[in-house]
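Please look over the model below before reading the notes. The points that follow are numbered, and each takes up one topic.

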Amino acid sequence: MTAGAAQALEVITGASRFEASAEKSTIAHAAQELSGDSGAPDTVDGEVCRIYTPVGAPEVELRITWLRSDGTPVGDPAPKFTVLPMGERALTATDGAVIRFACRSGKLTGSAPAYVDIGVERGGMPAEPEGDPDELKDAYATVAHSFSLAMAKEKGCENDGGLEPRPSLDPASR
């Protein structure tokens, strides 16, 4: 996780420390599942990890998920989303974000390119997001970018799946 993503998690959760996740809650394990290397060849979606605030702090759970598809995004996003210039399509809102990138890699089976969505969303009971809406949107997009770039690097995607080293948070540059 990048330093920017760690700061973004603090914006989202209000915490700077987090509980440990399960041993298999890693990019490397999720990348194996994405490739079908985990023994479940038809797996098209899964969870990278969950992020929890520490015991004693207000409870917040974030879910980091992945989805593999063979197509590019179709249709307009829901009105709550802001489109950002990252990967094939990046959407962010005050309660989550998703980035889709194209991956051409010898480490992936099936048709090329594979399209991978990395999503970040708040788990648990829906609650009205607290904080500055623009700051929250940037924070969710930054976390999604960090996990997307890590997945693209782990899979050896050409050109890191079209993802820059830093997130592009200005919707006007699309």
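1. Strands β4 (residues 89–93) and β5 run antiparallel and are joined by 5 bridges. Strands count as paired if DSSP finds at least two bridges between them. Within this pair, leucine 91 stands opposite valine 98 in β5. Helices (H or I, at least four residues) and strands (E, at least two) are DSSP runs, numbered from the N terminus.

2. A word on the source: this is a predicted model, in which local features need pLDDT of at least 70 and side-chain atom pairs count only at pLDDT 80 or more, while totals for chains, interfaces and linings use all residues. Residues are numbered from 1 along each chain as its sequence is written, and side-chain values use heavy atoms, with hydrogens and water left out.

3. The protein chain has 3 helices and 6 strands. Along the sequence they follow the pattern α-α-β-β-β-β-β-β-α.

4. Strand β1 (residues 45–52) is joined to strand β2 (residues 61–69) by 7 bridges, and the two run antiparallel; here aspartate 45 stands opposite leucine 67. Between β2 and strand β6 (residues 114–122) there are 8 bridges, again antiparallel, and threonine 65 stands opposite glycine 119.

5. The largest nonpolar core has 36 residues, and Val48, Ile64, Phe101, Ile118, Val143 and Phe147 touch the most other members. Such a core is a set of buried Ala, Val, Leu, Ile, Met, Phe, Trp, Tyr and Cys residues joined through side-chain atoms within 4.5 Å. Buried means under 20% relative accessible area, exposed over 50%, and partly exposed in between (1.4 Å probe, protein chains only). At least two core residues come from each of α1 (3–13), α2 (27–35), β1, β2, β5 (96–103), β6 and α3 (133–155). α3 gives the most, with 9 residues.

6. Which residues does valine 143 touch, leaving out those up to four places away in sequence? They are Ala5, Ala8, Leu9, Ile12, Ile64 and Val120. Contact means heavy atoms within 4.5 Å. In soluble globular proteins, nonpolar side chains tend to be buried together.

7. There is 1 disulfide, a term used for a pair of cysteine sulfur atoms within 2.5 Å. It joins cysteine 103 to cysteine 157, with S to S at 2.0 Å. The link is left-handed, with -95° about the S-S bond. Cysteine 103 lies in strand β5 and cysteine 157 in the segment after α3, 54 residues apart, so the pair links distant parts of the chain. Cysteine 103 is buried because its relative accessible area is 2%, and cysteine 157 is buried at 6%.

8. For the whole protein chain, 40% of the 174 residues are buried. Of the contacts with a separation of 6 or more, 63% are between residues 24 or more positions apart.
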